[in-house]
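Visitor: I would like to learn how to read a helix and a sheet in a model. Please take them one at a time.

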Amino acid sequence: MKITVLCNSIIPNGGTERAISNLIHILSSDERYKINIISLSSNPDEKPAFDFGNVIIYHLGLHDLQQNFLNKIVWYIIALKNLIPIIKMISPDIILGYGHNINVLLPFIRIKKIKLYGCEHINYDTIPYSSKIIMKCIYPFLDGIIVLSKTAKQKYARLNKKICIIPNALSFFQLKPALLDCKRIIMIGRLSKEKGYERLVPIAHKLRERHPLWNIEIYGDGPLKDELYNIFYRENLLDNVHFKGSTKDIQGKLNKSSILLMTSYTEALPMAILEAKACGVPTVAYRCEGTNELIINGSDGFLVDDSNEFYNKLELLIEDHQLLKLFGERAYNKAKEYSACNIKKSWDRLFIE
């Protein structure tokens, strides 16, 4: 069975790209599947942030998709002109599109009996209204939509009769949870607006005042890198908040940390929390769709609504090591649901039906 993954760009160090990498490795281990990737806005000389094994990657080198409606239409026309010959050459049995901007192209490249599935990895509520109108017109022509959670299924159900829940899979699972004996707090994610890193400022101030030996390390890169650095510089917080840049060793960094923080305004099913669970590291996070799905409040982490509550729950874990260890163990046990083996079964059911 030939499966083509279609995405905007396979190059960035982001959650979607990491999820695609994990999926590629899961499916490539099965001889029944032959996988390739079409990356619309990347070039062959660019190096992906993640490993995609030995699969063939077709780089189309298109310019980045613009948000202006007319520019977007022009981009779609150019994309289709470049895509259709490649699809005819590959002749896949299944195409998996990633993201609504890509998925709306799928019905226009259907050849013969190719099955078309749109994978949605962002919160539906954050999609622009104009894009939702386009999705409402086009998504009924897909063979199905693959979402990450029950909440997402309810939101996308209005667009297609077949909605499948297949969560992201973990790329690793270790034999024992982390020791949680380091005075280190970790944050993981792209330095972009939706991640809400500025909400860390009042929390970091209280942490420095009450627990000066504890540090926060932020792993990620993105468009707000300089702006965020300047914010924390002006707040005189760079002595306990450290911007570490991107890393390919998330597992190692988590194992040397004791608590994960997430300040995002919106998430679908954040890989950072899944990977923290796999290491037995509990999370304190603001409530949103994705954090609600992954954290059992008061059991393996905390969900909060404001900065005061955020800090109070963080301090509770800092000061009660027994509670910290208990939360970590529960998180570690919960992570088993997202093992590669379990998630692959869901993809197998989809492909063979």
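This is a predicted model: local features need pLDDT of at least 70, side-chain atom pairs count only at pLDDT 80 or more; totals for chains, interfaces and linings use all residues.

Visitor: Which residues of helix α7 are buried?

Guide: The general idea comes first. An α-helix has 3.6 residues a turn, so residues three or four places apart point the same way. In α7, which spans residues 225-234, the buried residues are L228, I231 and F232. They lie on the same side of α7, because the arc they cover around the axis is only 90 degrees.

Visitor: What do the buried residues of α7 pack against?

Guide: They pack against α6 (201-210) and β10 (241-245). On the face of α7 turned away from the buried side, the exposed residues are D226, Y233 and R234. After α7 comes N236, with a positive phi near 55 degrees.

Visitor: Now the sheet. What is the order of the seven strands?

Guide: Strands of a sheet pair through backbone hydrogen bonds, either parallel or antiparallel. Here the pairing is parallel, and the open sheet has the order β3-β2-β1-β4-β5-β6-β7. β3 (56-59) and β7 (163-165) pair on one side only, as the edge strands. On average, neighbouring strands of this sheet are turned by 25 degrees against each other, direction ignored.

Visitor: How many bridges join β1 to β4?

Guide: Four bridges join β1 (residues 2-7) to β4 (residues 94-98), and the two strands run parallel.

Visitor: Which strands does helix α13 lie across?

Guide: Helix α13 (residues 340-352) lies across β1, β4, β5 (115-119), β6 (144-147) and β7. It runs at about 130 degrees to β4.

Technical notes. Residues are numbered from 1 along each chain as its sequence is written. Side-chain values use heavy atoms; hydrogens and water are left out. Buried means under 20% relative accessible area, exposed over 50%, partly exposed in between (1.4 Å probe, protein chains only). The arc is that of the directions from the helix axis to the C-beta atoms. Contact means heavy atoms within 4.5 Å. Two strands pair if DSSP finds at least two bridges between them. Axes are lines fitted to C-alpha atoms, for helices over the stretch in contact, and angles run from 0 to 180 degrees between N-to-C directions.
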